[in-house]
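Please open the model in your viewer and keep the selection tool handy. We will walk through it stop by stop.

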Amino acid sequence: MDATLTLIGALMLVISILLSPLSSRLGMPVLLIFLIVGMMMGEDGPGGLQFDNFELAFTIANLALGVILLDGGMRTRAETFRVGLRPALMLATFGVFLTALGSALVAWWVFDLGWLTALLIGAIISSTDAAAVFSLLQGRGLHLNERVSATLEIESGSNDPMAIFLTLMLVTMISAGGVSEGWGALWMLIEQFGIGGVTGVVGGFVVVNLANRSRLTPSLYPLLVVAAGLAVFAGTNELGGSGFLAIYLTGVIIGNRPVRMMPMILQVHDGLAWLSQLCLFLILGLLVSPSELLPLASGGLILAFALIFLIRPLAVMMTLWPFGFNRRELGFISWVGLRGAVPIVLALFPVIADLPSAQLIFHIAFFIVLVSLMVQGTTMAPLARSLKLEVPAGEEPYRRLPLDVPAAGDHELMLFPLRGEPWEVPRPLGQLRLPENTALAGIFRKRDCLPPSPDLQVCTGDVIAMFATPAVVPELGRALSGRRTSKHLAERAFFGDFVLNGDALLGDVEQVYGIEFDELPPELSLAECFARRTKGHPVIGDKVKVGPVILVARATEADSVTKVGLKMDSSNRA
């Protein structure tokens, strides 16, 4: 029997992996494919596998979510907290509460439930899902402006404590016949956020020190990080805090500190995160019987569409209005309220607590997730592009190899393949504008290694080996980029023909280019124009219309625009 279950599990993984390319062809989230494979292998599908061990599923789901959040945290740059932390925390707290309240009202009306049960359903489906958000943002080739991407990523990684607090409080109240101590509930919320935040940050620094002080075989560093991260996750849960928040913050600390063998750690963790998502969604798919979802279809669609088109947008508008988002950004954040594994995992709480309506609650949450992945997940990339929220992105290195030598500092060996239209005509290496503190290591061409020289012609098919630090990867990628991009995202079309310093004064620009900036004071700098419009947190891609021109933020440092693109075409709109 054990061999049979192992065979079935392995085949499910193989089938899911082989079907994953359909995601890009059909425009559906790959997580939806994993979920459908799990349902097909269940008792109502061709697989006929009966699986109803909710306790085992709960344990596996928690571990998988921990690994996914750790990987997502390590890929979240600390700079994004500058623009995304405050709005994300508002969405993760008040936004979750408002979403739970609105969803409960609809669930009470549609399913004719008691108030506490309706509130429990609202709490379960109130949080966005980190696995779904990270997967879709990182796997769709989207490079959104930092204000939007940072808010979505931080929100999805930090909104679980509020949803867990609301869910546990309501499960306790229903089990106790509707009685709960208000101070006890408030203390639970403080524990979730407080303990989770402290242990996550402390745990992150401990893991960094462990990795940097240990002398291990290179392949053991990724295992050390994931084991230590899960220890922080489990320990925080034992202390009564939010393990989800803790492991996400641990990942953020690790990803933003110098860590030995970091490129290898990220490469291995990418595979671990995919394996976790596969196992998570396959097991959750096995738990549900499609035949039990059909009776809920009409009411479930009403609740799902109310959540997508009404409740989430209202919660976003009510929480983000003070932070300087424009209408296009608010509209996209409203749409990307993706529900995924977290609501299904939270729906296991009432099942394990053996509440009267536990199965109904579980299937409603599952139905909401299915609709969210199909409707929001399949339309996220086209919507982002139609709203013009993408910004030009440089090429990522094909390989990043750490140099575990003290004299090298944080330099790495990076391989950039030359491809695309800009490299179809050979160009000499001397024409490349490379960042400071970088060096050419060699050129690979048809299995030969050529020494770099200014006169050496390079073209499509060559691979450039560079010594560089992680900080200059975006700039280096733009210099070597040959990716085909839309007309809108071509650098000249996006940023304009002229590049100015952010400290340039409007009066000087008027004299040089013969432009009249209406009634704006001439002593105002270009950077100050952005600061006024963006409430002090400009990001690359921000646009400000000043007189007959459009200023486009091309580079930022801290809270100031350092490079500005000038678009002379007055027919464009910001």
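**Stop one: a bent helix**

Select Leu307, where α15 bends by about 45°; the bend at a residue is the angle between axes fitted to the seven residues ending there and the seven starting there. Before going further, note that this is a predicted model, in which local features need pLDDT of at least 70 and side-chain atom pairs count only at pLDDT 80 or more, while totals for chains, interfaces and linings use all residues. Residues are numbered from 1 along each chain as its sequence is written, and side-chain values use heavy atoms, leaving out hydrogens and water.

Now widen the selection to residues 297-320, the 24 residues of helix α15. Helices (H or I, at least four residues) and strands (E, at least two) are DSSP runs, numbered from the N terminus. From first C-alpha to last, α15 reaches 32 Å, close to the 34 Å expected at 1.5 Å a residue; the expected span is 1.5 Å times one less than the number of residues.

**Stop two: the helix partner**

Axes here are lines fitted to C-alpha atoms, for helices over the stretch in contact, and angles run from 0 to 180 degrees between N-to-C directions. To see the contact (heavy atoms within 4.5 Å), show side chains including Leu303 and Leu307 of α15 and Phe367 and Val371 of α19.

**Stop three: the sheet**

Next, colour the five strands of the open sheet, ordered β1-β2-β7-β4-β5 with antiparallel pairing. Two strands pair if DSSP finds at least two bridges between them. Which strands stand at the edges? They are β1 (399-402) and β5 (448-450), each with a single partner strand, so one side of each lacks a neighbour in the sheet. From one strand to the next, the twist averages 25°.

Zoom in on β7 (residues 463-468), joined to β4 (residues 439-445) by five bridges. Ala439 stands opposite Phe467, and Leu440 opposite Met466. β7 also pairs with β2 over six bridges, and there Leu413 has Phe467 as its bridge partner.

**Last stop: a helix across the strands**

Finally, select residues 473-480: helix α20 lies across β1, β2 (412-417) and β7, at about 25° to β2.
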